[in-house]
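These are my notebook entries on one protein chain. I set out to look up how its parts meet.

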Amino acid sequence: MAAEKGTALILRVTDFSETSRIVVMFSREHGRFSALAKGGRRLKGPFESSLDLLSTCDVVFLKKASSGLDLLTEARLVHRFRPEPNQLNALYAGYYVAELILGLTEDYDPHPEIYDEAQKLLESLADASNLAIKLTRFELIMLRECGQLPDFETCMACGAELTEGRLFGFWPGQGGMICPSCQREDYSQIPVHAGTAQLLRRMASNENTTWSRLIPSPQQVKELRAVMLAAVTHTLGKRPNTLKLLRFQ
């Protein structure tokens, strides 16, 4: 059985026995996978306390041919996610990143862009300012990579480009926006002003490099988060557990 190597972000750690742990990781090279770390609970064991949630490690593992767990043989700590003690929002944002990757990726399905963006986001959480923009950008990338990115360009009812109108609607069940002419009281729609719709288009763009400099108004933050909660919940099939812990200014 050949050994596999990669750099992985730790998404979940569960105690398995008195000495071992089950670790779920997300690797740039291999995607998401679960492995048994024998001796993983020992402070002076083979992994030297590297198996912490959201830590990044260089790992070596044996991939099982059956549906059983892989076997983690080495894990060398590269970086430990450790926000400042008073930055609970940053900590919860990290937990949310792990929950999204766990819920929206498949085993052994690599997504290098998700891995890279997750690492950038976790690094940026040393400064928890502008959190709404940072998380919205990551959510949009996640949705795009799993083929569930909403359409913010055209009306889902009539197909018209969303170039005119002050107030649009976001229609979670149909995966996009509705123009003012097509809105109905019986539609399950979220009000989205034109400025917020423009922010969503800019952040969803694959070629946009200026999103990090966007400063939304309080009303835009409220609308952004309402849209993303609806989109992520619809895709996951449930409301994310950790999202309720976050506070957006």
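Predicted model: local features only at pLDDT ≥ 70, side-chain atom pairs only at ≥ 80, totals over all residues.

Residues are numbered from 1 along each chain as its sequence is written, and side-chain values use heavy atoms, without hydrogens and water.

Entry 1, the domains. I looked up the domain assignment (automatic or from a database) and found domain 1 (3-80) and domain 2 (88-150 + 183-245). I counted two salt bridges between domain 1 and domain 2.

Entry 2, the interface. I recorded that domain 1 and domain 2 bury about 1,700 Å² between them, 63% of it on carbon and sulfur atoms. This buried area is the accessible area (1.4 Å probe) that two parts lose on being put together, summed over both. In domain 1, Phe26, Arg28 and Arg32 lose the most area to domain 2, together 44% of what that side buries.

I found a salt bridge of 2.8 Å, N to O, between the side chains of Arg28 and Asp116. Arg32 counts as buried because its relative accessibility is 14%, where buried means under 20% (1.4 Å probe, protein chains only). A polar atom of the Arg32 side chain lies 2.6 Å from the backbone oxygen of Thr105.

Note on methods. Buried < 20%, exposed > 50% of the residue type's maximum accessible area, 1.4 Å probe, protein only. Polar contact = N/O pair within 3.5 Å; in protein donor to acceptor, adjacent residues only side chain to side chain. Salt bridge = Lys/Arg side-chain N within 4 Å of Asp/Glu carboxyl O.
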